Each structure stands twice: as structure tokens, then as C-alpha cells.
Amino acid sequence: MLRVTVICVGKLKEKFYAQAAAEYVKRLGRYCKLDLIELPEQRLPDAPAPAEIERALFREAGVIRGKIPPASCVAALCIEGQLRSSEELAQLLGSWQQRGEKGLVFIIGGSYGLHPSVKSEAQVRLSMSPMTFPHHLARVMLLEQIYRGFQILEGGKYHK
């Protein structure tokens, strides 16, 4: 069974986000071995300077790298990433499975995003939308899209 890891910077505080994420984690159990890893967001002052943000992202990048399983294909979620339809994401999942990838890793940054080094090291950069979403909602959206992708590959009824 394919191993999928979702690495998220920041903890879900809102109950409704946690419930929605848990529902998709449960549904995904049918298609993959899913690991959801929450990492703490670096503390910053209320109005951080650009250098403080850079240092925090750099520290988060080191922790993120330490959680990526060896020999995994990595996708970083970032605004400058490629927009893909649900069908295109399904094709990407299918191609990773066919290539025999040992694991897939999706990375969601915190409120200031991801360090440029994490983005450049990823094999794929994905964008959810040109619109801005809270990173907690992005987690739910990503889990739903991974589930939808597996449903598309299976020819299931979920995707319309």
C-alpha cells in the first residue's frame, strides 16, 4: 500500500478543521497508509522583520527535512506552484504509484509559507489556488483532494 505523508507546520486549533481533517484521514485509510505530521510553527513577534521571518522559515525547513521519509517523492504546497485540476492531481498520484515510489510527501507551510530551500528541493510544487487560504484550511483541502484523486483513479462515484 502506498505511503503518503502530509507534513504540516502549525497545529489545528479549531475543532471544525480537526473534524474535517479526521474525516478525510479516515477515508484515505482505504487507499494508502497516511501519516499526518504536525510541526510547531516558530514563534515570532506580532510584527516580525523580514530577517526574523527568514530565520524562522529556515529553522522550520530543518525540522521539515528531518521528517521526510527516505526515498520519497516530495510535493511542496506554495503559491508559486503549479495549479492542477483534480484530474491532473489524480494522474500525478497514479504516475507516482506506477513508478513504484516508496512514499509521497506533501508539505504545507505555516502562516509565512515555506523556506525557499524546501520549495526548491521538492520534485513538485503545487498551488491550491491564486487565492489566499488559511494554512489550516489548506490541510483539509489537500486531504480532500488526495482522497478525490484516489477516487478518480478508482473510477469511484465521489468525483463528479
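**Figure 1. The largest cavity of the predicted model and its lining.** In this predicted model, the largest cavity holds about 40 Å³ of space. Its lining is formed by E41, Q42, L44, I53, A56, L57, E60, G110, Y112 and G113. Sorted by class, these lining residues comprise five nonpolar, three polar and two charged residues. In total, the structure contains two cavities of 30 Å³ or more.

**Figure 2. The second largest cavity and the contribution of helix 2.** The space inside the second largest cavity amounts to about 30 Å³. V9, L39, P40, Q42, E60, V63 and I64 line the second largest cavity. Helix 2, which spans residues 50-67, is the element that gives the most to this lining, with three residues. Five residues of the lining are nonpolar, one is polar and one is charged.

Figure 3. Strand 3 gives the most, with four residues. By class, the lining of the largest pocket consists of eleven nonpolar, eight polar and two charged residues.

Figure 4. The largest nonpolar core is made of 31 residues, and V4, V6, W96 and F106 have the most contacts inside it. At least two residues of this core come from each of the following elements: strand 1 (3-9), helix 1, strand 3 (72-83), helix 3 (86-98), strand 4 (103-108), strand 5 (124-127) and helix 5. Helix 5 gives the most to this core, with seven residues. When neighbours within four places in sequence are left aside, F106 is in contact with V4, T5, V6, I7, A75, L77, L93, W96, L126, L142 and I146. Another core, of twelve residues, lies apart from the largest one; V9, L39, A61 and L114 are among its members.

**Figure 5. Aromatic pairs around Y147.** Across the whole structure, a search finds five aromatic pairs. In one of these, the ring centres of Y24 and Y147 lie 6.1 Å apart and the planes stand at 50 degrees, so the pair is tilted. This pair joins distant parts of the chain: Y24 belongs to helix 1 (residues 15-28) and Y147 to helix 5 (residues 135-154), a separation of 123 residues. Y24 and Y147 are both buried. Y147 also pairs with Y31, and here the arrangement is edge-to-face, with 6.1 Å from centre to centre and 65 degrees between the planes. Y31 sits in the loop between helix 1 and strand 2 (33-39), whereas Y147 is in helix 5, so the pair ties together parts that are 116 residues apart in sequence. Y31 is buried at a relative accessible area of 11%, and Y147 is buried at 10%. Ring pairs join Y24, Y31, Y147 and F150 into a cluster.

Figure 6. E80 is located in strand 3. With a relative accessibility of 48%, E80 counts as partly exposed. Along the sequence, E80 and K119 are separated by 39 residues, while their C-alpha atoms are 9.5 Å apart in space. A20 is located in helix 1, and its relative accessible area of 25% makes A20 partly exposed. A20 and L34 are 14 residues apart in sequence, and the distance between their C-alpha atoms is 15 Å.

Technical notes
Residues numbered from 1 in each chain as written. Predicted model: local features only at pLDDT ≥ 70, side-chain atom pairs only at ≥ 80, totals over all residues. Heavy atoms only, no water. Phe/Tyr/Trp six-rings, centres within 6.5 Å; stacked < 30°, edge-to-face > 60°. Buried < 20%, exposed > 50% of the residue type's maximum accessible area, 1.4 Å probe, protein only. Core = buried A, V, L, I, M, F, W, Y, C linked by side-chain atoms within 4.5 Å. Contact = heavy atoms within 4.5 Å. 1 Å grid on protein atoms, 1.4 Å probe; cavity = no way out; pocket = protein on both sides within 12 Å on 5 of 7 lines; lining within 4 Å. Points joined across faces, edges and corners; volume = space filled by probe spheres on them. Nonpolar A, V, L, I, M, F, W, Y, C, P; charged D, E, K, R; others polar.
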